[in-house]
Amino acid sequence: MNWTWFYRMGSPLWFYQSTSRWLPLLSLVTLVLLVAGLAWGLGFAPEDAKQGNSFRIIYLHVPASFLALAGYFLMATAGAIGLIWKMKLSYIVMKCAAPIGAALTFLALFTGAVWGKPTWGSYWVWDARITSMLILLFLYFGVLALQYAFHNQEAGNKASAVLALVGTVNIPIIYKSVDWWFTLHQPSTIKLTSAPSMHPDMFQPLLVMILAFYFFYALALILAVRVEILKRESKTTWVRELVEQASRQKIGAK
Amino acid sequence: MPESNRGFSAYFRRDLLLAYRRRGEVASPIIFFVMVATLIPLGITPEADSLKELAPGTIWVMALLATLLSAEGLFVSDYKDGSLEQLLISPNMLVMPIFGKVTAHWITTGLPLTLASPLIGLMLSLPSVAYLPMMAGLALGTGCLSFLAAIGAALTVSLQKGSLLLTLIVMPLYMPIIIFGSAVMQYSIDGMAWSGPLAILGAMLAVAIALCPLAIAAVLRLITIN
Amino acid sequence: MVNSSLLTVNDLRFERDDIPVINGACLTLNVGEILQIEGPNGSGKTTLLRILTTALQPSGGEILYRGQILSECRFDYLSNILFLGHQSALKLTLTAEENLSWTTSELPGSVSIMEALEQVGLRGYSDVPCHKLSEGQQRRVALARLLVTNAEVWFLDEPFSALDKQGVQFVEQCMERHIKGGGAVMLTTHQPIGMEPVRRYSLVGSSVGGGF
């Protein structure tokens, strides 16, 4: 089997050039989906019978939670690929995925708290899912802190890749045990875990928002990776040519 | 496997001997354990009924912190004096010496904590039915804590100020252990069968013994020497 | 010539964060030979020794031990090398004897630990914790490993630092005995070595090639 495509994918130059082509289209799709999903969900979806308008925050909360967890697995996978095939690009992806994932986890927690106030009268409840989210945020913090603690970039990459993998092994155990802990201590008044079946009119905009968040995540990650590539390859000829070309265009425009 | 057995016992015995020569340092986690137990009644309430409620969680949180406090030294001194590098270039498998070192760490922290726990139980008015489950849970749980802390210690070994970072990266991994550990005690206080959560702790220890030395070996090979 | 070559290094490269540290080093180490690695600070002397002792992974190139690729004879190779680094790998709370007994297993054909300590001038110090010894004495405990080993290839990183004249002489005697017995030594040092024959290999602009 021919593996050259695989190694070509590991080249930062290849990544930069091929994403340049797709970037405008990707940005457009993301923007359209986000605007459409938000308008539909916030403006046109019917009001919830019990929660009124406050339920609409799920259009941010649910997609953010989805991507927060998916982002962790993506980060760990990128780290594993880096460890196994010693691929530079994959470490860059891992490094860039960490802050984005942490931000999404924080967004999920924040929207959850905002949602919780009108619904249960408290910003914070020790619900199983919220607690798991908080632990996920801690896992992200660990990877980020470890990454930046090393002076030697390679060592930082390898260390945080291993930590992300250890976290991946632990996430199912953590989620299961937090779930179990919650059923042990569950006070009778709070019930969040059983989601009521949603009306299709409410559910369809949610699907659009989830899709929009996937696109948004991809866009944010690609942009971050491109910046990181330019930073790391700043001494190579192709980046210098790129910079020269850009400055020439600027002068020409004037 | 005589070669790998020698790796285990050589490092196991050496680390125990080192701990024995620095008996004062080995005692600090235990003293820490007892001191924090004194703070709880002072800070919250001396009332026996409330203390009883708090005891399982308190004991486990303290055990966790005490393990973390001592975990930094697992590999750092070996790293600084060059013996870790000698270990890395020895022909034998890396896993067995690591297993030996972590086991020695458990014997010098987890085991004394387990043995000292009845004293804390007394101070926190723990009902007498909970003593045996507490000790059984601590014996298994602190084993898991040692193995997980060792991963953190290996990841931060070459850093100047690794101890705080070590705490930060290992703490989230401790959540399942603290949940099931205190559940063992809670079950016994409530008069329920506590073998279930204890069995889960045992299972987690088995997984930790199988996987953690491999992870630690990989980490040490990857990032110790740069 | 081919048969007597213990270690052959071809086009060895090492990068740290994309910055080349060792750029195509080629060298051989033969039986009965002392090879001195030269170069200014930061030229990668220690890095080279760490790669050759497998503590570091090279970015490229190949290392052959007795004509075999290193990864294929790893156990055999590592059983036959000895590395003494900047750090002495001593546990200060342990005694000199304890320190030697866990790093080296008593081997047939090598000197006993007590004899070794006597030879490095530490007679009667065997049960003294190492933190009570002076820095030079601690260094001697570490060097006593040279006597209790039967490794074939020695890698010595700055073996003469913190040693007095006698100590330096002792190390040189050890090396001489070792190469006469069919071993080989690779060392880094800034001091001139008062013995023959020493072959030199310079790491500055190492792409220039071997040191013959």
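**Strands, cores and contacts**

Author: In strand β2 of chain C, C:N23 is the bridge partner of C:R13. The model is predicted: local features need pLDDT of at least 70 and side-chain atom pairs pLDDT 80 or more, whereas totals for chains, interfaces and linings use all residues. Residues are numbered from 1 along each chain as its sequence is written, with chains lettered from A and ligands numbered from 1 in the order in which they are written.

Reader: What makes β1 and β2 of chain C paired strands?

Author: Strands pair if DSSP finds at least two bridges between them. Nine bridges join β1(C), residues 5-16, to β2(C), residues 19-30, so the pair meets the criterion. The two strands run antiparallel and form a hairpin with two residues between them. In that turn, C:D17 has a positive phi of about 50°.

Reader: How many helices and strands does chain C have, and how are they counted?

Author: Chain C comes to six helices and nine strands. Helices are DSSP runs of H or I with at least four residues, strands are runs of E with at least two, and both are numbered from the N terminus.

Reader: Why is A:I174 called buried?

Author: A residue is buried if 20 or more other C-beta atoms, placed from the backbone, lie within 10 Å of its own, exposed if 12 or fewer do, and partly exposed in between. A:I174 has 22 C-beta neighbours inside 10 Å, and therefore counts as buried. This residue is found in helix α6 of chain A, residues 153-185. By the burial criterion, 40% of the 212 residues of chain C count as buried.

Reader: What makes up the side of chain B that touches chain A?

Author: The contact takes 21 residues from chain B and 22 residues from chain A. Helices α8 (131-155), α9 (162-189) and α10 (195-223) of chain B each supply at least two residues of that side, and α9(B) gives the most, with 11 residues. By class, this side has 19 nonpolar, two polar and no charged residues; Ala, Val, Leu, Ile, Met, Phe, Trp, Tyr, Cys and Pro count as nonpolar, Asp, Glu, Lys and Arg as charged, and the others, Gly among them, as polar.

Reader: What does chain C present to chain B?

Author: Here 20 residues of chain C are in contact with 17 residues of chain B. The side of chain C divides into nine nonpolar, eight polar and three charged residues. Its largest share, three residues, comes from α2(C).

Reader: What is the largest nonpolar core, and which residues have the most contacts inside it?

Author: Such a core is a set of buried Ala, Val, Leu, Ile, Met, Phe, Trp, Tyr and Cys residues joined through C-beta atoms within 7 Å. The largest has 191 residues, and those with the most contacts inside it are B:L148 and B:A150. Helix α9(B) gives the most to this core, with 15 residues. Leaving aside neighbours within four places in sequence, B:A150 is in contact with B:A71, B:L74, B:V102, B:H105, B:C212 and B:I216.

Key. Contact = placed C-beta atoms within 7 Å.
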